[in-house]
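Here are a few exercises to work through with the model open beside you. Try each task before reading its solution.

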Amino acid sequence: MVDPKRWQIGLVGYGEVGKILAEDLRQQDIKVSAYDIKLGSEHRAPLKEHAAKHGVALAASHAELTAKSDFIISAVTASQAVPVAKACAAAINQGTWFLDFNSASPGAKQRAAALIDGGGGRYVEGAVMTSVPPYRIKVPLLLGGPGAREIEPLLNTIGFAAKVASDKLGVSSAVKMCRSIMIKGLEAMVIESFTTARAYGVEDAVLASLAETFPGINWEKQGAYFFQRVIEHGRRRAEEVREVAETVREAGLTPWSAQGTAERQAWVADLADEGLFGVRGAAEFARSADWRTEADRILSKIKR
């Protein structure tokens with residue numbers, strides 16, 4: 001039987017998720033290499049520092065990473081899921097596993113699978129069901145596709161919390177995308193509602209009413225958390241929700257809610273890129289314990 005702890009694991013995408021996976025895999029002394037397009041940009045220094053600290057080998061291209069990997073994890077932004085699969089398919093070795101960790105629509109996952117399988121690899125759909133940082137490698141992960149049942153025990157041996165959702169491609173992603181309509185939509189609604197309430201000076205009344213209707217939610221704490229997450233990760237969330245909207249279209253519906261959520265998430269990301277919430281990467285960035293601080297910054301911007 002294959003021992004996954006002896007795999008050479010290749011990470012495509014060395015952002016927040018890629019770094020967390022790399023750290024947890026390296027703690028088990030598993031060989032890890034990584035490639036990210038930022039390695040060819042002015043943003044490469046933090047990636048190189050992290051790789052040196054944790055013993056991760058950096059590759060110069062998709063092809064170099066793919067050719068030397070026994071198992072590949074694609075953890076990039078949603079819009080890059082299919083392009084990455086195409087880039088890796090050209091160099092993938094026969095029988096190499098390819099786990100698509102990306103928040104893409106069922107249709108996108110099926111297109112990526114056709115590329116990888118067509119190149120001789122073995123594509124497995126992965127749907128990450130909640131935020132990675134608190135759980136790290138043990139984040140709940142739904143698997144899908146013909147190889148899902150075979151790879152499930154191998155992934156769990158190296159620390160993942162994977163569970164097969166279906167032997168059919170697209171099912172895991174459909175679960176993830178439909179959940180995101182609610183979760184990412186709630187984030188956008190809270191930011192819009194709370195900031196508007198703050199503008200009118202009625203936030204205390206609004207929160208009191210919400211607490212009466214949904215007594216199980218601490219709306220002050222939840223509001224601060226939502227503001228933090230969207231300010232820090234709004235760009236990635238907007239891309240994901242555009243894939244959510246595509247999922248809704250694939251079902252035959254018009255994605256009015258998802259489209260609005262994507263625009264609101266991207267709008268907050270634009271403000272963050274402009275420096276409205278402080279210096280990205282600094283300790284205080286997106287870490288206010290009171291959502292009112294961030295709402296006031298937004299209001300000061302739009303009232304200029």
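**Exercise 1.** How are α8 and α10 oriented to each other?

*Solution.* Keep in mind that this is a predicted model. Start with the geometry: α8 packs against helix α10 (residues 219-250) at an angle of about 130°, and their axes lie 7 Å apart. Next, compare the angle with the cut-offs: roughly perpendicular covers 65 to 115 degrees, and roughly antiparallel needs over 145. The two helices, α8 and α10, are therefore oblique to each other. Then look at the handedness: the crossing of α8 past α10 is left-handed. Finally, sort the residues of this contact by class, which gives 13 nonpolar, 4 polar and 7 charged.

**Exercise 2.** Find which helix gives the most to the lining of the second largest pocket.

*Solution.* First locate the pocket, whose volume is about 240 Å³. Its lining includes Met182, Met189, Glu192, Ser257 and Arg264. Now assign elements: α8 (171-200) and α11 (256-273) each supply at least two lining residues. Of the lining, 8 residues come from α8, which gives the most. By class, the pocket lining holds 6 nonpolar, 4 polar and 2 charged residues.

**Exercise 3.** Work out which element supplies the largest share of the lining of the largest cavity.

*Solution.* Searching the whole structure turns up 1 cavity of 30 Å³ or more, with a volume of about 30 Å³. Among the residues lining this cavity are Phe101, Lys109, Val128, Ser173 and Lys176. Both β6 (122-128) and α8 contribute at least two residues each. The largest share, 3 residues, belongs to β6. To finish, the cavity lining splits into 4 nonpolar, 4 polar and 2 charged residues.

Conventions:
Residues are numbered from 1 along each chain as its sequence is written. This is a predicted model: local features need pLDDT of at least 70, side-chain atom pairs count only at pLDDT 80 or more; totals for chains, interfaces and linings use all residues. Side-chain values use heavy atoms; hydrogens and water are left out. On a 1 Å grid over the protein atoms alone, a cavity is a set of points where a 1.4 Å probe fits but cannot get out, and a pocket is an open set with protein on both sides within 12 Å along at least five of seven lines; lining residues have an atom within 4 Å of a point. Grid points are joined across faces, edges and corners, and a volume is the space filled by probe spheres set on the points. Helices (H or I, at least four residues) and strands (E, at least two) are DSSP runs, numbered from the N terminus. Ala, Val, Leu, Ile, Met, Phe, Trp, Tyr, Cys and Pro count as nonpolar, Asp, Glu, Lys and Arg as charged, and the others, Gly among them, as polar. Axes are lines fitted to C-alpha atoms, for helices over the stretch in contact, and angles run from 0 to 180 degrees between N-to-C directions. Angles under 35 degrees count as roughly parallel, over 145 as roughly antiparallel, 65 to 115 as roughly perpendicular and the rest as oblique. A crossing is left-handed if the near helix is turned anticlockwise from the far one by less than a right angle, and right-handed if clockwise.
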